[in-house]
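Hi,

Here is the structure you asked about. Have a look at it first, then read my notes below.

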Amino acid sequence: RLEARICWQPATCGRRLAYLRGPDGRHPWVSFWTAMTSYRLPQGLTGALALIPILTGAITMKGAHDPLYAALDLPGNPLLDSNLRFLGGVWLGLGLAAFWMVPRLRAQTVLFRVVWGAIFIGGLGRLLSMLVVGWPPAPFIAFTVLEIVGAPLFVAWHARVVNPLPR
């Protein structure tokens, strides 16, 4: 049984809205909105996403012998190997910083934005490579979209959860 009621919810940004309620007294969208504005969801996603640069950064520390590049049969170029290992270390460090932030997301807003800003800039670099050199394998195209579109959305979502609108 559904009935119409006027209700106050944080999701309405301080406005009163009429909507239908179920027998438990809750609107069907309230649980979804509560999850999306919960502080725990960005924490969990940040922790899960931090594992990606931690793992891939550690693998990239193998330089030109990284399994991703091994199939290319690259010559033993010290400059290329050194740069790959350096970038792998930076990527690993970025992942460790993101993982360190998980319990401190409210206090580390600037670091959160710097980490995701770096990922966004990295995505722009991938896009530039696609335009200048050519298309990489399909997973890297998807990574580029996630880095360019997902990073700003994640920062905006974090700002919404950490600094909710006044009630």
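The accessible surface of the protein comes to about 10900 Å². Carbon and sulfur atoms hold 72% of that surface. Accessible areas come from the Shrake-Rupley method with a 1.4 Å probe, and for residues only the protein chains shown count as cover. Of the 167 residues, 28% count as buried. Buried means under 20% relative accessible area, exposed means over 50%, and partly exposed lies in between (1.4 Å probe, protein chains only).

Two notes on the source. This is a predicted model: local features need pLDDT of at least 70, side-chain atom pairs count only at pLDDT 80 or more, and totals for chains, interfaces and linings use all residues. Residues are numbered from 1 along each chain as its sequence is written, and side-chain values use heavy atoms, with hydrogens and water left out.

Now the fold. The protein has 6 helices and 2 strands. From the N terminus on, the order is β-β-α-α-α-α-α-α. Helices (H or I, at least four residues) and strands (E, at least two) are DSSP runs, numbered from the N terminus.

Next, the aromatic rings. There are 5 aromatic pairs. Rings of Phe, Tyr and Trp (its six-membered ring) pair if their centres lie within 6.5 Å; planes under 30 degrees apart count as stacked, over 60 as edge-to-face and the rest as tilted. One of the pairs is F112 with F154, tilted, at 5.5 Å centre to centre and 40° between the planes. F112 sits in helix 5 and F154 in helix 6 (residues 138-162), so the pair links parts of the chain 42 residues apart. Both F112 and F154 are buried. Another pair is F140 with F143: edge-to-face, 5.3 Å centre to centre, 85° between the planes. Both lie in helix 6, 3 residues apart, about one turn of the helix. F140 counts as partly exposed because its relative accessibility is 22%. F143 is partly exposed too, at 37%. F112, W116, F154 and W157 form one aromatic cluster.

L131 lies in helix 5 (residues 109-132). L131 counts as exposed because its relative accessibility is 67%.

Best wishes
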